Amino acid sequence: MGNNAVQAIDTFTGPVFRPGDPGYDEEIAGFQTAYAHRPALIVGAVHAEDVRAAVEYAARHDLPIAVQATGHGLSVAADGGVLISTRRMTGLRVDPATRIAHVGAGVRAGALVEAAAEHGLAPLNGSSPSVGVVGYLLGGGVGLLARQFGYAAERVRAIELVTADGRMRRLVPGDELFGAVLGSGGNFGVVTALEVELLSVAMVYGGQLVFDTPLIERALDAWRQWTATVPEELTSTVTMLTFPDIPQVPAPLRGRYVASFRIAFNGSSEEGERLVAPLRAVGERLKDDLRAMPYTESHTIHSDPDHPHAYEATNALLGAFTEEVAAALLAAAGPESGVDAVVDVRHLGGALARSGDVGIAVDHRDAAYIVRVITGPEGTAAQARVRAALAAWTLGHSLNFLYGAGADADEAQTRAGYLPGTYARLAAIKAKYDPRNLFRFNRNIRPAAG
């Protein structure tokens, strides 16, 4: 490495790691353990200037750039190049007067929820408190109350971004890059911080209703019909899975294949109780913990795993969840299928179907449901089986819920996440701001040909 490169690296405030250095393996470790970045250089950014200097260094040496905060949504792992680790950038400020939070690139959802709650406010966060806020918003963000409030990215009010030319930019709605960045998952630069609008939500009614195997078909059919009647203030998901037979799982659930209905309702507990009555009428529950709770406890609605593990996932966006669709899904991945997978069906629609004012890069708004299939790294056959079973009703897929090794993240898959006009617009913007495609360790949008 030449003197200029050494001098450039010496300017970073945060730590720098190369393969074999103490701390290198710890720095690349993330929530996803099936695969990891293996960069030639890691920059542990402490502030925006570190990010800018790292991008400038990578561009000067024509090195591709990866970015990681928590490692939840890792899609394409870097093999060489530069990894900018943003997990140390945890600055967080909440202005209760404007209801705006200024969020650093390393802030996790749980920290934002807690900070906002001090002022009776809440973000449009997802189900896991350990997910990075910035990465979640760059994917669009389908939150706990998504049917009422829409995609979380539509609440972003400003973005601080370092582009491939090493420039720091502040983006606001109406800027060419603003809407392109939100929904494209890191294709246009490194977000060092952003500002996001908070909501006046202090309490939520929700929790889980869990049914044992013999009631799954009946419960799924009841939920299917019920979702056509509920107000937008209620967002729900049904997850079908086999709980492991281990001490960490409550005794009534160990080793059982169950259907867990997750409910989040922005309303009174009295109205919530009335709304969920048709689901309770299905029969005896293994678990029923629906209650009014402080928003700071909303992560218990889904109770996502909080420990790093290996996983892959695919999904299908559906215009409807009919009796035929439900039957096909159960045949492909239900309790009698022999498939080892977590199958998750989320009710969309409502505000998600309506485009917001800031023009984020999220398409397929006509989808009313999304079916997700989550497996271990060996579960690609199970994923393909479910995709094939649902193919006749599939509108497309969500890039936000695709988790898998880079070999599966090809251009066709990325294009299918957008409408043709949206992809063409993003590719043209990519050609303008990242013509060498330095930011390609993602669901990559290739620069349009000149």
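Tutor: Start with residue classes: Ala, Val, Leu, Ile, Met, Phe, Trp, Tyr, Cys and Pro count as nonpolar, Asp, Glu, Lys and Arg as charged, and the others, Gly among them, as polar. This is a predicted model, where local features need pLDDT of at least 70, side-chain atom pairs count only at pLDDT 80 or more, and totals for chains, interfaces and linings use all residues. Residues are numbered from 1 along each chain as its sequence is written, and side-chain values use heavy atoms, without hydrogens and water.

Student: How many cavities of 30 Å³ or more does a search of the whole structure find?

Tutor: Four. A cavity is a set of points on a 1 Å grid over the protein atoms alone where a 1.4 Å probe fits but cannot get out; lining residues have an atom within 4 Å of a point. Points are joined across faces, edges and corners, and the volume is the space filled by probe spheres set on them. The largest cavity has about 230 Å³. Its lining has 21 residues; Tyr 151, Val 362, Ser 398, Leu 399 and Asn 400 are the closest to its centre. By class, the lining holds 10 nonpolar, nine polar and two charged residues.

Student: What is the volume of the second largest cavity?

Tutor: About 90 Å³. Its lining divides into nine nonpolar, one polar and no charged residues. Among them are Leu 112, Pro 123, Asn 125 and Val 196. Helices (H or I, at least four residues) and strands (E, at least two) are DSSP runs, numbered from the N terminus. The largest share of this lining, three residues, comes from α5.

Student: Now salt bridges. How many does the count come to?

Tutor: The count is 28. The rule asks for a side-chain nitrogen of Lys or Arg within 4 Å of a carboxyl oxygen of Asp or Glu. Glu 49 and Arg 52 form one, at 2.8 Å from N to O. They sit three residues apart in helix α3 (residues 48–60), so about one helical turn separates them.

Student: Is Arg 52 buried or exposed?

Tutor: Buried means under 20% relative accessible area, exposed over 50%, partly exposed in between (1.4 Å probe, protein chains only). Arg 52 has 19%, so it counts as buried. Glu 49, at 37%, is partly exposed.

Student: Which residue forms a salt bridge with Arg 354?

Tutor: Glu 232, with the closest N and O atoms 3.1 Å apart. Both partners lie in loops, and the pair ties together parts 122 residues apart in sequence.

Terms used. On a 1 Å grid over the protein atoms alone, a cavity is a set of points where a 1.4 Å probe fits but cannot get out, and a pocket is an open set with protein on both sides within 12 Å along at least five of seven lines; lining residues have an atom within 4 Å of a point.
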